[in-house]
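Here's a quick briefing to read with the structure open beside you.

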Amino acid sequence: MVTRLSDIGERAKAIGQTDRLTILQYGLLSLFLILGVRFWSLQVIQHEKFRQAAENNRIRVVPIPAPRGAILDRHGRVIVDNQPSLSIILNREELREKRRNPYELVDELIARGLPLDRDTVRARLDGMRNQPAFYPVVLKENATTSDVAWVHAHRLEYPELDIVEQPQRRYPYGTVLAHVLGYVGEISREELAKPEYKDYRPGDLIGKSGVEQMYDRLLRGRDGYRRVIVDSTGHEVGEIESIPPVEGHAIKLTIDLDLQLAAEQHLGNRRGTIVALDPQTGEILALVSHPAFDPALFSQRINTAEGKAEYRRLLQDPEIPLINRALQGVYPTGSTWKIIVAAAALEEGIITPNHSTFLCGRGLQVGNRFISCMGSHGAPDLHRAIVVSCDGYFYRLGLKLGIDRLEKWVKRLGLGQRTGIDLPHEVAGIVPSRALKAKLNPRDPRWKDFDTAIASIGQGTVAITPLQLVRTIAGIVMGGRLPTPHVFKEVAGDPQMAYQQPRPLIVPLDPLTVKTIRSAMWGVVNEGGTGVAARVEGLDVCGKTGTAQVVGKEKATGALKDHAWFVSFAPRDHPRIAMVTLIENVGQGGRFSAPTTREIYEAYKAKLIGGSERADIATPAPALTNKALADAEPKNAPAH
């Protein structure tokens with residue numbers, strides 16, 4: 001049988017394919033053997049090594065607190081901002097994995113020399129019990145250099161401790177504006193339970209008073225965080241992700257820092273308050289309440305032994321420095337009240353600008369009591385009676401007006417009611433009425449002529465805040481338009497987010513009433529009246545003094561001296577600024593508050609002529625017109 005060449009070629013080709021398949025099979029087998037050996041080596045031989053490595057590297061969440069927004073004055077000057085500080089934090093997740101009791105750890109840290117406030121830390125640990133373990137607890141803010149050195153020196157023993165940088169509130173002007181700005185502090189359990197704080201968590205800083213409280217949502221920003229890998233000693237060896245914080249909005253206040261500093265300086269160390277506002281818009285230009293406090297106490301020192309002692313001193317201080325006297329202090333008004341009585345009498349037609357004469361008589365006999373006047377003024381008309389502040393005149397005018405009509409006008413003009421200022425804890429005060437006397441004096445509830453006479457000069461059952469008084473007087477001289485006082489102007493850089501002025505309280509007044517009041521208050525300062533010490537050349541300051549008795553005159557000495565008032569506005573025909581100055585227990589308003597007010601008007605005048613960039617502290621007021629009055633609400637509109 002003959003073999004063909006083609007058959008030989010086919011067999012040789014088949015043999016070649018079989019060999020390559022065999023080689024491939026052996027190759028795959030070798031590869032699987034190598035992988036198997038490597039896998040066995042990793043899982044069995046090197047298991048302990050890699051287990052230790054996994055144990056040593058942990059993922060840690062490092063919070064990045066958002067800086068609160070800065071607070072600026074109306075010209076953009078910084079009043080409050082932030083400064084960096086270091087905090088010691090405890091990573092609870094790592095502690096839990098080690099099954100260590102955090103309270104025992106804190107005691108151990110203190111015993112070993114880390115200066116912590118045990119009560120503060122325990123309260124924070126209590127507050128974090130129901131929070132996810134990856135939220136750390138701040139053990140100490142404002143860590144010192146020695147604190148940081150201690151943590152680093154004990155890194156191997158306490159890898160769950162960490163040092164982080166956090167922003168801290170800074171108040172470059174110290175106690176200036178303390179009652180307006182307020183302060184920040186750690187959110188409490190009670191606050192966390194409130195609906196408005198439902199998205200806050202333990203340890204968050206919130207505004208506790210003042211602007212910091214009212215505009216907390218704008219100021220607080222949004223926290224960020226970093227997810228990092230750390231080794232067994234707590235050292236960071238890698239970062240997984242980083243979410244940067246979002247800083248809170250910077251906000252502008254209506255405060256003019258120059259005017260504020262002038263008011264602070266001239267009130268000095270005396271107890272009292274000064275409020276200056278724009279009578280058209282209600283913008284507060286300056287607000288001083290003294291004594292004050294250092295807001296930095298609450299953001300920087302409150303958790304130290306020294307800070308707690310300082311806070312206790314504030315609480316126990318008989319001069320109550322934590323009270324904002326402008327809107328939380330209630331005082332008899334003394335003779336500044338006569339402007340209210342005069343306006344009510346004119347509006348009720350009891351007197352007219354041309355027929356307003358009453359006898360002074362050095363006082364008045366009411367029943368079996370004689371109530372005296374400070375002088376002998378003959379038979380003045382209304383203008384003169386206001387200029388010289390004749391009590392005898394107003395005893396008689398008040399009796400003719402009657403308590404019921406006086407009460408109606410007092411309430412219509414917003415007195416004895418909160419003004420609605422955008423600062424917390426404003427109080428309402430009280431104003432005279434039959435019902436009030438019956439409530440306060442159940443043994444002698446009947447209202448008497450004596451009560452009316454006393455109420456007509458701002459004594460007896462009159463107790464209102466300085467802010468109410470300046471708002472009402474400003475409203476009267478502006479024709480009966482009373483805007484809501486406010487300190488927030490706008491979000492810096494975004495005028496669209498500006499203060500939304502509520503509808504002002506409108507109390508239509510006869511233009512003759514307004515003109516008469518303006519003229520009389522001008523005379524107080526410029527016609528040799530009781531407020532002559534407030535006269536400022538070229539500014540046309542108008543005002544009214546008040547000397548409010550604290551106790552009976554025979555006891556008016558030392559700390560029981562009269563309160564000194566001066567309420568004012570300027571200039572006479574187009575008011576651009578209104579101001580009230582109250583100094584406690586110093587004596588006569590004309591002697592103490594009027595000259596203090598003059599110094600602040602001098603500062604105001606210097607600003608107006610000092611440069612166009614600062615001339616906007618109050619825009620020109622519109623002239624009083626009948627159209628403005630026609631647009632006003634009806635007289636029986638409810639006050640708010």
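Let's start where two helices touch: Ile 339, Ile 340 and Ala 343 in H15 meet Thr 472, Ile 473 and Ile 476 in H21. Sorted by class, this contact of H15 with H21 has 5 nonpolar residues, 1 polar and no charged. Keep in mind that this is a predicted model. The protein runs to 640 residues, of which 50% count as buried, and it has 24 helices and 21 strands. Among its contacts with a separation of 6 or more, 71% are between residues 24 or more positions apart.

**How H15 and H21 cross**

- The axes of H15 and H21 come within 10 Å and cross at roughly 40 degrees.
- That angle makes H15 oblique to H21, since anything from 35 to 65 degrees falls between the roughly parallel and roughly perpendicular ranges.
- As for handedness, H15 and H21 make a left-handed crossing.

**A closer look at H21**

- Helix H21 covers residues 466-477, and its 12 residues reach 17 Å from first C-alpha to last, close to the 16 Å expected at 1.5 Å a residue.
- How many of the residues of H21 are buried? The count is 12 of the 12, so H21 is largely enclosed by the rest of the structure.
- That buried set takes in Arg 471 and Gln 468, and also includes Leu 467, Leu 469, Val 470 and Ala 474.
- The three H21 residues that meet H15, namely Thr 472, Ile 473 and Ile 476, are on the buried list too.
- Just past the end of H21, Gly 479 takes a positive phi of about 90 degrees.

**H18 and what covers it**

- In helix H18 (residues 403-412), the buried residues are Ile 403, Leu 406, Glu 407, Trp 409, Val 410 and Arg 412.

**The H4 and H5 pair**

- Helix H4 (residues 102-111) packs with helix H5 (residues 118-127) at an angle of about 160 degrees, and their axes are 10 Å apart.
- H4 and H5 are therefore roughly antiparallel to each other, as angles over 145 degrees count that way.
- Pro 102, Tyr 103, Val 106, Asp 107 and Ile 110 make the contact from the H4 side, and Arg 118, Val 121, Arg 122, Leu 125 and Asp 126 make it from H5.
- By class, the residues in this contact of H4 with H5 come out as 6 nonpolar, no polar and 4 charged.
- H4 passes H5 in a right-handed crossing, whereas the crossing of H15 and H21 is left-handed.

- Ile 71 sits in strand E2 (residues 71-72).
- Is Ile 71 buried or exposed? Its relative accessible area is 0%, so Ile 71 is buried, the cut-off being under 20%.
- Leaving aside residues up to four places away in sequence, Ile 71 touches Arg 77, Val 78, Ile 79, Val 80, Arg 169, Leu 181, Val 211, Glu 212, Leu 219, Ile 251 and Leu 253.
- One of those partners, Glu 212, is 141 residues from Ile 71 along the chain, with their C-alpha atoms separated by 9.0 Å.

Key: Residues numbered from 1 in each chain as written. Predicted model: local features only at pLDDT ≥ 70, side-chain atom pairs only at ≥ 80, totals over all residues. Heavy atoms only, no water. Axes fitted to C-alpha atoms, helices over the stretch in contact; angles between N-to-C directions. Helix = DSSP H or I, 4+ residues; strand = E, 2+ residues; numbered from the N terminus. Parallel < 35°, antiparallel > 145°, perpendicular 65-115°, else oblique. Left-handed = near helix turned anticlockwise from the far one by under 90°. Contact = heavy atoms within 4.5 Å. Nonpolar A, V, L, I, M, F, W, Y, C, P; charged D, E, K, R; others polar. Buried < 20%, exposed > 50% of the residue type's maximum accessible area, 1.4 Å probe, protein only. Expected span 1.5 Å × (residues − 1).
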